[in-house]
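Dear colleague,

Please find the structure below, handed over for your reference.

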Amino acid sequence: MNTAGRRAEIISILMVRRRITAKELAEEFNVTVRTIQNDIQALSLGFPIYTRQGGDGGIFVGDNYKPYMNTLTPLELKVLHEMYGLADGIHKKVLFQLIRKYGPDKLEL
């Protein structure tokens, strides 16, 4: 895997796991920890990635990072919002998650 592919995969891993260590990434990609540190430094220029030292440390992606934000059209958002108002139970919960994942950050429901 080339550098660009590895870095894209690191972002994907962080999106799912939210936290991982450089050692775990190095083992997963069969590269050195220093290579992962270079990747994280490069990625942090374009993504809200940060590191923390210590027992509960590691590499993190900011909670506010939503790569799919604002991908809904205004009409799609309006229809989902209307459906949300009519839904209940698990349907309401899933609609809420979809709107938060793909819609604008400050949408009032």
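Which charged end sits over the ring of Tyr84? It is that of Lys92, 4.7 Å from the ring centre; a charge sits over a ring if NZ of Lys or CZ of Arg is within 6 Å of the ring centre and within 35 degrees of the ring normal.

Please note that this is a predicted model, in which local features need pLDDT of at least 70 and side-chain atom pairs count only at pLDDT 80 or more, while totals for chains, interfaces and linings use all residues. Residues are numbered from 1 along each chain as its sequence is written, and side-chain values use heavy atoms, with hydrogens and water left out.

Rings of Phe, Tyr and Trp (its six-membered ring) pair if their centres lie within 6.5 Å; planes under 30 degrees apart count as stacked, over 60 as edge-to-face and the rest as tilted. By this rule there are two aromatic pairs.

Tyr50 and Phe60 are stacked, with 5.2 Å between centres and 10 degrees between planes. Tyr50 belongs to strand β2 (residues 49–52) and Phe60 to strand β3 (residues 58–61), 10 residues apart. Helices (H or I, at least four residues) and strands (E, at least two) are DSSP runs, numbered from the N terminus. Phe60 is buried, at 8% relative accessible area, whereas Tyr50 is partly exposed at 38%. Buried means under 20%, exposed over 50%, and partly exposed in between (1.4 Å probe, protein chains only).

The rings of Tyr84 and Phe96 lie 6.3 Å apart at their centres with planes at 40 degrees, so this pair is tilted. Tyr84 is in helix α4 (residues 74–86) and Phe96 in helix α5 (residues 89–102), 12 residues apart.
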